[in-house]
Amino acid sequence: MSYAEQRELESTYLMGTYARKPVELVRGRGMEVEDDAGRTYLDFVSGVGAASLGHCHPVLVAALEEQARTLVHVSNYYYIEHRGEVARAVSDLLNACVPEGERAPWQSFFANSGAEANECAFKLARLHAKKRAAARAEEAGADEAAVRAAMAAAPRVIVTLDKSFHGRTLATLAATAQPAKQEAFQPLPDGFVRTPLNDVAALEALFATQGDDVCAVMVECVQGESGVHPCLPEFLQAARRLTAERGALLMCDEIQCGMFRCGTHPFGFQHFGIAPDVVTIAKGIASGFPMGMCAARAEVAASFGPGDHGSTFGGSCLAVAAAEATVRELSQGGYAESVERVGAYLRERLAELPHVAEVRGLGLMVAAELDESASAPDVVLAGLEEGLLLNFTGPHTLRFLPPLVCEESHVDALIDRLSRILTA
């Protein structure tokens with residue numbers, strides 16, 4: 001079906017929640033996608049960072065084909081193949097920077113998206129605080145009514161960072177500290193407060209006044225939707241110290257910056273010398289197949305019991321087969337080193353371009369801030385004519401999230417085409 005026919009169908013039958021670009025993509029391989037007219041594009045968006053292995057990677061295709069012929073879905077009422085293997089592999093990646101003798105298993109809940117993974121984390125944080133309060137009351141000899149009162153008074157506030165992005169459900173939108181995204185959907189669930197990115201003094205002041213009410217702090221170690229803004233190590237270390245002092249959880253939203261996206265280490269938090277209690281994962285974990293996870297230290301995960309949380313499709317046969325193939329390839333294919341190397345090259349080459357005022361990021365999670373004379377949305381549209389899929393997160397901010405199979409030659413092609421656009 002042609003682009004014009006597809007556009008007509010979607011304008012008639014789909015809700016208008018996306019301002020789609022004027023192109024219909026029909027197939028892909030590696031770093032390239034092709035439109036309905038046969039034109040190819042270098043993809044520096046990768047499904048908003050989800051297609052970690054590139055398009056139609058053979059190991060992913062083979063895993064999905066084999067699983068689809070075997071068993072598609074039976075629900076979480078039963079054990080299935082691959083689910084435990086994926087949870088163990090992710091636990092190993094989360095422990096990658098922990099001395100071998102000090103490693104302990106992480107336990108996971110499987111979801112379908114990053115927003116669902118974060119919803120799980122919020123519920124876990126509040127339930128964990130209640131269970132801790134109940135245990136303390138019981139240890140002090142409280143009766144049943146006093147235990148219930150202690151649980152009702154348990155900390156419930158979750159701290160997030162200005163300009164964060166955690167999803168579009170009502171709770172994850174409440175956690176997303178961007179008023180422009182929240183206003184149309186008020187009233188939102190309460191129990192969330194915000195603090196400035198990288199402002200240690202403000203975070204300490206918040207804990208000084210509200211610390212007894214805080215059950216968790218959730219951070220993106222590298223903020224994605226705001227335009228790729230890394231946290232400072234000292235800020236994240238302060239968050240770890242303050243949460244530990246109050247018995248609150250430190251939760252890292254690794255949905256965009258995890259799964260080798262930042263290079264060097266499997267997860268973003270591992271670049272900053274911190275050890276969180278909860279980590280949420282999605283996007284690149286199944287290389288484009290819908291998949292999310294909320295992983296927690298075993299003593300935290302133990303707060304959940306049967307019936308406390310659930311998902312019809314989370315951890316389905318197809319999803320865990322895709323995730324197992326992806327995680328194995330990412331773990332064994334030398335991606336940590338190549339992402340670090342190619343990401344550094346990408347940042348170096350972007351800084352050479354005209355109208356680029358600043359370059360930020362880690363690995364293959366990169367932003368280029370353009371000067372006031374250049375429009376990022378215009379560059380994205382012009383990129384289609386040059387055979388590029390690009391993304392902007394602000395009027396002057398380009399974001400680059402290529403597949404992790406990106407090589408220096410792809411960067412060279414990008415820079416050559418971007419140079420023509422920016423000098424036109």
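User: Is Glu386 buried, partly exposed or exposed, and what's its relative accessible area?

Analyst: Glu386 is partly exposed, at 22% relative accessible area. Buried means under 20%, exposed over 50%, and partly exposed in between, using a 1.4 Å probe and protein chains only. Keep in mind this is a predicted model: local features need pLDDT of at least 70 and side-chain atom pairs count only at pLDDT 80 or more, while totals for chains, interfaces and linings use all residues. Residues are numbered from 1 along each chain as its sequence is written, and side-chain values use heavy atoms, with hydrogens and water left out.

User: Which residue does Glu386 form a salt bridge with?

Analyst: Arg420, with the closest N and O atoms 2.7 Å apart. A salt bridge here is a side-chain nitrogen of Lys or Arg within 4 Å of a carboxyl oxygen of Asp or Glu. The pair links distant parts of the chain, 34 residues apart: Glu386 sits in the loop between α14 (376-385) and β15 (388-389), and Arg420 in helix α15 (residues 408-423). Helices (H or I, at least four residues) and strands (E, at least two) are DSSP runs, numbered from the N terminus.

User: OK, and how many salt bridges in the structure?

Analyst: There are 20. Glu204, Arg241 and Glu245 are linked in a network of them.

User: What about Glu324 and Arg328, how far apart are they in helix α12?

Analyst: Four residues, so about one helical turn separates them in α12 (residues 317-332). Glu324 is buried at 18%, and Arg328 is partly exposed at 41%.
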